[in-house]
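Q: I have the sequence and the fold open side by side. Could you walk me through a few features?

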Amino acid sequence: MAKTTVVIPNYNGIAYLEDCLTFLKRSGGTEFETIVVDNGSTDGSAELVKQRFSWVHLIELGENTGFSHAVNVGIKAAKTMYVLLLNNDTVVEHDFVARLEQVMDSRPEYFSFASKMLSMKQPEIIDDAGDYYCALGWAFARGKGKSAQRFTAPGDVFAACAGAAIYRREVFKQIGYFDRLHFAYLEDIDIGYRARLRGYKNGYCPDAVVYHAGSGSSGSRYNEFKVNLSSRNSIYLIAKNMPLLQILLNLPLFFIGFGIKTLFFIKKGFGGIYLRGLWRGCLLAASREGRNHKLPFKMKYFSCYVRIQLELWYNILRRVCEG
């Protein structure tokens, strides 16, 4: 009986999807189910799955509904104890699924575990070793650009990068699924944040290794689509998960953090796009739909808020030290 369902969201990923599924099938180590959720691809990738990978359950949505909605469809279709989200522009090492299953089995207090993501083009460097979030309003990939020989010890992270991470399926029923209003970007920080606010932990499993091409759907690390959505979602993330008092407490640091980001994106040629994204985030947070998604404060979880706030401050130092 399979314990895990691998959910792969796909949008025009024909350049990567065949290798992703081939290496996944070869990885072995345990029995698992696989679902590909196609977001209205026009490049023939859905047809490729039908013709070449009969063992994959293909769900076709007909249009691009975004990462969050697509993975939610896959998670809700799964019947297993765990769901493992995997980007279409990845290839996994041997026993990848089995190793993530093992840490989940041994840590019932954990909602998710991040894998060790290495750069596909430069496998000697890390792409992501779990995600952190800090009081500057920044999310950042732990270990990005560092030697692949580092970050060999398991440990806790703020959230798991949803590009290659395993989740406890039943917890989604308690905290909610990925927020479709994010569409894409920072939705994994948001779901990890919500789990933390309800007392769960998120961890990092260095033995589960995956190679990631990066920006397989958006096209590049910095582009108009990504900068616009990421900046919008960075505001929405704060408004959604923090009570007013916590927002006011961190407000000076938010001004510093978003100010630094503005200067960075001006230098990259995306300054106006970034600022418009921040404004759109304010509008989304103030809208009826945005307010309906806000996580209500509950006094019984006060200690969780305190622990998270201390971590948000400490993660500023982590960000500075990691460069």
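Q: Let's start with the surface, then: which residues form the nonpolar patch there?
A: Keeping in mind that this is a predicted model, the largest share of the nonpolar patch, four residues, comes from helix 11, which covers residues 302-322. The patch as a whole is formed by L249, F297, M299, F302, V306, L310 and W313, and together these residues have about 700 Å² of accessible area.

Q: And where is L249 found?
A: L249 is found in helix 8, which covers residues 244-268.

Q: Switching topic, at what angle do helix 7 and helix 9 pack?
A: Helix 7 (residues 224-241) and helix 9 (residues 271-286) pack at about 35°, and their axes are 7 Å apart. The crossing in which helix 7 passes helix 9 is right-handed.

Q: Which residues meet there?
A: From helix 7, the residues in contact are E224, V227, N228, S231, R232, S234, I235, Y236 and A239, and they meet I273, Y274, G277, L278, R280, G281, C282, L284 and A285 of helix 9. By residue type, this contact of helix 7 with helix 9 divides into ten nonpolar, five polar and three charged residues.

Q: OK, charges next: how many salt bridges does a search of the whole structure find?
A: The search finds eleven salt bridges in the whole structure.

Q: Where do E170 and K173 lie?
A: Both E170 and K173 lie in helix 5 (residues 169-175), where they are three residues apart, about one turn of the helix. Side chains of opposite charge can pair when their charged atoms come close.

How values were computed
Residues numbered from 1 in each chain as written. Predicted model: local features only at pLDDT ≥ 70, side-chain atom pairs only at ≥ 80, totals over all residues. Heavy atoms only, no water. Axes fitted to C-alpha atoms, helices over the stretch in contact; angles between N-to-C directions. Helix = DSSP H or I, 4+ residues; strand = E, 2+ residues; numbered from the N terminus. Left-handed = near helix turned anticlockwise from the far one by under 90°. Contact = heavy atoms within 4.5 Å. Nonpolar A, V, L, I, M, F, W, Y, C, P; charged D, E, K, R; others polar. Patch = residues over 30% accessible without salt bridge, like charges linked within 9 Å, V, L, I, M, F, W, Y side chains within 5 Å. Areas by Shrake-Rupley, 256 points an atom, 1.4 Å probe, with all protein chains shown as cover. Salt bridge = Lys/Arg side-chain N within 4 Å of Asp/Glu carboxyl O.
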